[in-house]
Amino acid sequence: MDLERFLVLSAIIFSIGLYGALSRRNIITVLMSLELMFTAVILAAVAMSRFVVTKQVAIDPGSMTEPTLNTLLTGQIFALFIIVVAAAEIALGLGIVIAFYRSRESVDISHANLMNR
Amino acid sequence: MVFQEVIFWSLSVSGIIAALGVVLLRDIFRAVLLLVVVFLTLAGQFFFLAAEFVGVVQILIYAGAISILIIFAIMLTQNVQQGNLPNRLHIPAVLMPSLLLSALIFVIFNTNWNLIDGLHNGLGVDIVNNVFDDTTFRLSKLLLQDYALAFFAAGLLLLASIIGALSLVRENKNGS
């Protein structure tokens, strides 16, 4: 278990999500691709938190005492907050999709080209 | 160790194939089900990374709540049969992610990471590795002490997004 394989997996899933977000016409698929990118970033953050330490710690590991040891888990805290923001984003995004479908009878992203009705 | 390797590789390969299926499949409903598979395999990776709590939260929120939301949205928009068509930007849409992927892989393998395993003459390795024995306990302290303000702000954000989504989706009684 080393760092690089997790980061490469995260990069591959992020690229797949970016491809989906750029190339698809259905708004719901674009939102799903956004979710793929979010989870890829979460994986990178958690992997970093597990394997990488700051330069200061790398020079002097003895300086880590009990309360500062918790800062090694900052990546996981970031992952939790990214999950919360992604949940808020998908709820609002799907609300917008449904409102858009009511006014245009379509979920095609190329129909979303006017600010007014 | 061999057992862990087998689990890791099967999770990774099935995750990548399912992620490809999410963006390439014509049927949106099947794409959502494959999205759940991606979330579950990534939750499995979190258990390898000593992040049990994040893995469980991932299963609860992503595989549980978000996929159900997306399924509801697909059913309400009744556009499943038309499917998941590509748009006209096909060449740049392939080019950009592949460029990004090659750049990321180059950076990943050429950066000099300050790895925990390579800590200075091995002095603090045990101390640091002990942190990852019980991450849920330490996460609770971080979340409710150091990051308490962000924790409450996250609750407020969720409330605001729920109210916003409700007011967007509500039928307009006055017509128009």
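**Figure 1. Contacts along chain B.** Among contacts in chain B between residues at least 6 apart in sequence, 49% link residues at least 24 apart; two residues are in contact if their C-beta atoms, placed from the backbone, lie within 7 Å. This is a predicted model, in which local features need pLDDT of at least 70 and side-chain atom pairs count only at pLDDT 80 or more, while totals for chains, interfaces and linings use all residues. Residues are numbered from 1 along each chain as its sequence is written, and chains are lettered from A in the order in which they are written. Chain B has seven helices and zero strands, where helices (H or I, at least four residues) and strands (E, at least two) are DSSP runs numbered from the N terminus. Of its 176 residues, 23% count as buried; a residue is buried if 20 or more other C-beta atoms lie within 10 Å of its own, exposed if 12 or fewer, and partly exposed in between, again with C-beta atoms placed from the backbone. The domain assignment gives domain 1 (1–83) and domain 2 (135–170) of chain B, with bounds that come from an automatic or database domain assignment. The C-alpha centres of these two domains lie 23 Å apart.

**Figure 2. Chain A as a whole.** Here you can follow five helices and zero strands. The C-alpha trace of chain A spans about 65 × 25 × 20 Å along its principal axes. Its radius of gyration is 20 Å, whereas a compact globule of 117 residues would have one near 13 Å; the radius is taken over C-alpha atoms, and the globule rule is 2.2 Å times the number of residues to the power 0.38. In chain A, 50% of the 117 residues count as buried. Of the contacts in chain A with a separation of 6 or more, 66% come from residues 24 or more positions apart.

**Figure 3. Where chain B touches chain A.** In this view, 81 residues of chain B are in contact with 66 residues of chain A. The elements of chain B that give two or more residues to this side include α1 (2–24), α4 (90–110) and α7 (148–169). The most comes from α3(B), with 13 residues. By class, the chain B side has 62 nonpolar, 17 polar and two charged residues; Ala, Val, Leu, Ile, Met, Phe, Trp, Tyr, Cys and Pro count as nonpolar, Asp, Glu, Lys and Arg as charged, and the others, Gly among them, as polar.

**Figure 4. α2 of chain A beside α2 of chain B.** The axes of α2(A) (residues 27–51) and α2(B) come within 11 Å and cross at roughly 5°. The two helices are therefore roughly parallel. Axes are lines fitted to C-alpha atoms, for helices over the stretch in contact, and angles run from 0 to 180 degrees between N-to-C directions. Angles under 35 degrees count as roughly parallel, over 145 as roughly antiparallel, 65 to 115 as roughly perpendicular and the rest as oblique. Look for A:Met32, A:Leu36 and A:Leu43 among the contact residues of α2(A), and for B:Val32, B:Phe39 and B:Phe46 among those of α2(B). The residues of this contact comprise 13 nonpolar, three polar and one charged.

**Figure 5. α2 and α5 within chain A.** Helix α5(A) (residues 74–104) packs against α2(A) at an angle of about 175°, with the axes 8 Å apart. This pair is therefore roughly antiparallel. Among the contact residues are A:Phe38 and A:Ile42 of α2(A), with A:Ile82 and A:Ala86 of α5(A). The contact of α2(A) with α5(A) divides into 17 nonpolar, five polar and one charged residues.

Figure 6. α2(B) and α3(B) pack with their axes 8 Å apart at an angle of about 175°. They are therefore roughly antiparallel to each other. Contact residues include B:Phe29 and B:Leu40 of α2(B), and B:Tyr62 and B:Ile70 of α3(B). B:Ala50 sits in the loop between α2 and α3 of chain B. Its phi is near 60°, a positive value in a residue other than glycine. Most residues other than glycine have a negative phi. B:Ala50 is buried, with 20 other C-beta atoms within 10 Å.

**Figure 7. A:Val84 and its partners in chain B.** A:Val84 lies in helix α5 of chain A. A:Val84 is partly exposed, with 19 other C-beta atoms within 10 Å. Leaving aside neighbours within four places in sequence, A:Val84 is in contact with B:Ala154, B:Leu157 and B:Leu158.
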